[in-house]
Amino acid sequence: MKWITLLIATAGPGLADICPPVPDHSARQSEIVSELGAAKTATEAQRLTQELWSLWTDAPDDRAQQLLDEGMSRRATSDFLGARDVLDELVEYCPDYAEGYNQRAFASYLRQDYSAALYDLDRALEITPNHVAALSGKALTLMGLGRDEEAQDVLRAAVAMNPWLSERALLDEPAGTDL
């Protein structure tokens with residue numbers, strides 16, 4: 001293993017700029033989504049959702065984690081353009097990391113750049129199809145674009161994975177749960 005690190009360190013900037021493989025949390029994510037669908041209380045659903053977020057935000061390496069954290073921090077302080085710049089760098093560095101796209105979509109959504117948000121959400125969902133937050137974000141983005149019927153279908157899919165989503169209140173018809 002030391003020889004790989006040495007090779008990367010001495011190979012120059014090209015090889016060092018390659019994102020390592022994204023941690024594979026797919027099995028645990030699927031388990032959590034199944035547990036969410038059966039959650040009996042909001043507290044249980046919140047605990048499971050927090051665990052999902054810890055998996056989604058587990059970046060491939062320190063550089064990717066730093067970019068993700070900085071992008072999210074900038075977004076949290078309403079520096080949406082700065083967040084997009086940092087998250088652009090993350091997506092370029094780690095194009096197979098769904099959370100980079102999801103967070104960039106959130107920054108775009110908050111700027112009401114719904115087309116850019118939709119593109120990134122679709123990419124995030126390509127990579128991680130059961131990303132409940134990206135799916136609910138896609139529903140909100142479609143609403144922003146005036147594509148309400150499509151948004152309702154996407155939101156129903158998100159609520160099917162997590163019946164406790166606050167966005168369920170936006171469904172035209174109740175989701176069929178007694179929450």
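**Entry 1**

I started with Gln112, which counts as exposed because its relative accessibility is 57%. My scale here runs on relative accessible area with a 1.4 Å probe and protein chains only: buried is under 20%, exposed is over 50%, and partly exposed lies in between. Before going on, I noted that this is a predicted model, in which local features need pLDDT of at least 70 and side-chain atom pairs count only at pLDDT 80 or more, while totals for chains, interfaces and linings use all residues. I also noted that residues are numbered from 1 along each chain as its sequence is written, and that side-chain values use heavy atoms, with hydrogens and water left out.

Where does Gln112 sit? I found Gln112 in the loop between H7 and helix H8 (114-127). Its phi is positive, about 65°, although Gln112 is not a glycine.

Next I turned to Ser78, another non-glycine residue with a positive phi, near 65°. Ser78 lies in the loop between H5 and helix H6 (80-93). Is Ser78 buried or exposed? Ser78 counts as exposed, because its relative accessibility is 51%. I also checked Ser78 against Leu110: they are 32 residues apart along the chain, and their C-alpha atoms are separated by 8.5 Å.

**Entry 2: the chain as a whole**

How many helices and strands does the protein chain have? I count ten helices and zero strands. For my notes, helices (H or I, at least four residues) and strands (E, at least two) are DSSP runs, numbered from the N terminus. Along the sequence the pattern reads α-α-α-α-α-α-α-α-α-α. Of the 179 residues in the protein chain, 41% are buried.

I picked out Gly82, which is found in helix H6. Gly82 is buried, as its relative accessible area is 7%. Gly82 and Glu70 are twelve residues apart in sequence, and their C-alpha atoms are 9.3 Å apart in space.

**Entry 3: helix pairs**

Two packed helices are described by the angle between their axes and the distance between the axes. My axes are lines fitted to C-alpha atoms, for helices over the stretch in contact, and angles run from 0 to 180 degrees between N-to-C directions. Angles under 35 degrees count as roughly parallel, over 145 as roughly antiparallel, 65 to 115 as roughly perpendicular and the rest as oblique. For handedness, a crossing is left-handed if the near helix is turned anticlockwise from the far one by less than a right angle, and right-handed if clockwise.

- I looked at H6 and H7, whose axes come within 9 Å and cross at roughly 160°. H6 and H7 are therefore roughly antiparallel, and their crossing is left-handed.
- For H3 and H4, the axes come within 10 Å and cross at roughly 160°. H3 and H4 are therefore roughly antiparallel, with a left-handed crossing.
- H5 and H7 pack at about 15°, with their axes 10 Å apart. This pair is therefore roughly parallel, and H5 passes H7 in a left-handed crossing.

**Entry 4: the pockets**

Rolling a probe the size of a water molecule over the atoms shows where empty space is left. I worked on a 1 Å grid over the protein atoms alone: a cavity is a set of points where a 1.4 Å probe fits but cannot get out, and a pocket is an open set with protein on both sides within 12 Å along at least five of seven lines; lining residues have an atom within 4 Å of a point. Grid points are joined across faces, edges and corners, and a volume is the space filled by probe spheres set on the points.

The largest pocket holds about 570 Å³ of space. Its lining has 29 residues, with Trp53, Ala133, Ser136, Gly137 and Glu167 nearest the centre. Which helix gives the most to this lining? H4 does, with seven residues. Helices that each supply at least two lining residues are H4 (42-56), H5 (62-76), H7 (98-110) and H9 (132-144).

I then looked up the second largest pocket, with a volume of about 240 Å³. It is lined by 19 residues, and Val22, Pro23, Gln29, Ile127 and Thr128 lie nearest its centre. H3 (26-37), H4 and H7 each supply at least two of the lining residues, and the largest share, three residues, comes from H3.
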